Amino acid sequence: MIRFALALCIFATAGKATAEDQRIRAQLYDPSAVVTVVGQPGIQSTIEFAPDERIENVAIGDSAAWQVTPNRRASLLFLKPNGVAARTNMTVVTDRRTYMFDLIAPRRAARPLYALRFTYPDPVISDVPQPAPTPPLSVAVQRPTALDLRFDWAGKGKSALLPRRAFDDGQALYLAWDRSAALPAMLTRDAQGVEGPVNYSIKGDYVVIDHIPDTLVLRSGQTMATLSRAAAKASTSQERAAR
């Protein structure tokens, strides 16, 4: 009997410690709040959104400081800092909400976040009848045709990081990886070789970058690859030769 009571006591204490573990927390969604995520190099954090919403855009102030990748279903974000004292901000736009974050990796030892799960206020049910929604205006959208697409993108470096398909329509770059592949961190590199953050959205099986970069840099840990439009590189080489 004494052993049984002792076991119950230990079990209750362990359950309480787990419930109070600040590395795993729930966060009530507030559209006007900035959520702080504390990270540590070598530790991956996961952010979980509502099961009925999908990530559409991820914008990072300094994508070289933090590695941020969504899962295939665009319902989770995996992120980790690339170094100590790495700090930036991040905005995540889903098909239902907008989230704002501060991402910090302090120099002093801190307890990193392992998992963050958002909870949401209960919807307010009103007895007042709502007016019928106004039907949206019909707007003709010009979609790119096969003649508008360019597939002359060439990859270099670690082949496992490169997409299986890459093309652009003159305004945006479309990338597709195998469903089993983890998405790498994506950076742009301009003509002077300077790297910077890239904003992208997820549409179906494609990652869509909202402009045409000179060179796209793909990183995962210490490995990297680059993706450039072959025709553009050839044209640049011809111009230099002509000079």
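Residues are numbered from 1 along each chain as its sequence is written. In this predicted model, local features need pLDDT of at least 70, side-chain atom pairs count only at pLDDT 80 or more, and totals for chains, interfaces and linings use all residues; side-chain values use heavy atoms, without hydrogens and water.

The chain has an average pLDDT (the predictor's confidence in each residue, from 0 to 100) of 78. A score of at least 70 is reached by 75% of the residues. Over residues 138-143, pLDDT stays under 50. Where pLDDT is low, predicted coordinates should not be read in detail.

The structure holds 2 cavities of 30 Å³ or more. A cavity is a set of points on a 1 Å grid over the protein atoms alone, where a 1.4 Å probe fits but cannot get out; lining residues have an atom within 4 Å of a point. Volume is the space filled by probe spheres set on the points, which are joined across faces, edges and corners.

The largest cavity has about 50 Å³ of space. Its lining includes Ile60, Trp66 and Tyr200. Strand β5 gives the most to this lining, with 3 residues. Strands are DSSP runs of E, at least two residues long, numbered from the N terminus.

The second largest cavity has about 30 Å³. Among its lining residues are Tyr29, Asp30 and Phe118. Strand β8 (residues 98-104) supplies the largest share, 3 residues.

How values were computed
Contact = heavy atoms within 4.5 Å. 1 Å grid on protein atoms, 1.4 Å probe; cavity = no way out; pocket = protein on both sides within 12 Å on 5 of 7 lines; lining within 4 Å. Helix = DSSP H or I, 4+ residues; strand = E, 2+ residues; numbered from the N terminus.
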